[in-house]
Amino acid sequence: MAYQGNQNLRSANEKIVYTPEMKKEFIRCYSDIIHFGEEYCHIITIDEGKVKIKFWDFQKRMIKAMYDPPEYRNVEGQMEKKKFLIVLSPRQVGKTTVSAVYLTHYAIFNEHKTIAILANKEKTALEILSRIKMIYEGLPLWLQPGIVDGGWNKQSITLGNGSRIIATSTASSAIRGYTINSLFLDEFAFVPPQIAEEFMNSVYPTVSSGKTSKIIIVSTPNGMNHFYNIWIDAIRGKNSYFPVKINWWEVPGRDDNFKKEIIRNQGITSWNQEYNCNAGESIINIRNKENGLIKSVSCDELWKYGNKIFDK
């Protein structure tokens with residue numbers, strides 16, 4: 001029984017008879033997100049059309065951090081998993097695809113979870129949701145929990161296991177009132193500072209109260225703002241975010257010639273921000289709180305070194 005005539009989707013009330021092989025694969029996909037992504041998830045490319053996903057090494061590092069974050073010692077001295085993740089990423093590294101695979105996996109293999117996708121623009125959030133829909137439709141029916149009535153629309157997906165995914169813009173009241181289990185923020189550095197602060201103040205208490213709740217932030221840098229503050233505290237070890245930085249040269253085919261071409265066509269400022277993950281060459285003065293020493297540094301250096309800048 002197809003969902004609303006779509007043969008690539010099954011309804012939540014449609015029964016599936018699982019063979020031993022299906023059961024084995026289901027269990028493997030649950031425990032091995034790389035296998036799930038590369039064996040069952042597809043993307044559309046300009047040159048080849050629909051193809052299976054093949055993760056690059058840095059994408060594996062990124063998705064593993066989303067799926068199984070590392071442990072750290074909390075203020076009580078106990079070891080626990082990092083609940084939150086922040087990713088500093090260049091442009092065009094496939095971060096949307098990686099994120100879509102993770103969010104699809106999370107929704108399928110967890111019951112009664114609410115996943116919120118938010119971005120600086122609603123259009124961007126809906127694009128991520130559309131990637132998830134494409135991945136989900138490409139899955140074999142026995143991997144799908146099924147879609148509930150009315151659960152497949154422009155802004156949300158609701159599955160038969162009780163999990164749902166919603167997409168909207170990052171406004172301070174965008175998801176107020178929801179109980180969010182996994183919050184995904186895309187291009188958070190480009191959200192206006194006042195809105196970003198109001199949003200985090202309104203949403204963070206609800207999300208952080210759950211023992212298994214997650215916040216994942218992925219963005220390229222955009223000056224010194226809320227995203228910058230979270231990133232710097234993450235690399236200092238001052239918050240609960242695990243920092244992951246993707247370097248431009250980790251993308252196959254990106255070499256010095258690629259760098260020279262981007263700089264020639266778009267300029268050094270664009271290169272530093274959108275590919276080298278720095279905030280630009282603007283010089284600012286900063287003061288060391290401990291000894292009052294003032295130092296003139298570039299935003300690039302601050303993004304690289306954080307509070308260690310005075311050691312340079």
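So, to start: does Trp 271 count as buried or exposed? Trp 271 counts as buried, because its relative accessibility is 2%; buried here means under 20% relative accessible area, exposed over 50%, partly exposed in between, with a 1.4 Å probe and protein chains only.

Quick housekeeping. This is a predicted model, where local features need pLDDT of at least 70 and side-chain atom pairs count only at pLDDT 80 or more, while totals for chains, interfaces and linings use all residues. Residues are numbered from 1 along each chain as its sequence is written, and side-chain values use heavy atoms, with hydrogens and water left out.

Now the rings. The structure holds 15 aromatic pairs. Rings of Phe, Tyr and Trp (for Trp, the six-membered ring) pair if their centres lie within 6.5 Å; planes under 30 degrees apart are stacked, over 60 edge-to-face, and the rest tilted. Take Trp 248 and Trp 271: their planes are at 70 degrees, with centres 4.9 Å apart, so that pair is edge-to-face. Trp 248 sits in the loop between strand 14 (241-245) and helix 8 (256-266), Trp 271 is in helix 9 (residues 268-274), and the two are 23 residues apart. Helices (H or I, at least four residues) and strands (E, at least two) are DSSP runs, numbered from the N terminus. Trp 248 is buried as well, at 8% relative accessibility.

Trp 271 also pairs with Phe 258, again edge-to-face, at 6.2 Å centre to centre and 65 degrees between the planes. Phe 258 lies in helix 8 and Trp 271 in helix 9, so this pair ties together parts 13 residues apart in sequence.

Elsewhere, ring pairs link Tyr 18, Phe 26, Tyr 30, Phe 36 and Phe 109 into a cluster.

We've got 8 strands in an open, mixed sheet, in the order 9-10-11-8-12-13-7-14; two strands pair if DSSP finds at least two bridges between them. At the edges are strand 9 (147-152) and strand 14, each pairing on one side only. Strand 7 (residues 84-88) and strand 13 (residues 214-219) run parallel, joined by 5 bridges. Phe 84, for instance, has Ile 215 in strand 13 as its bridge partner.
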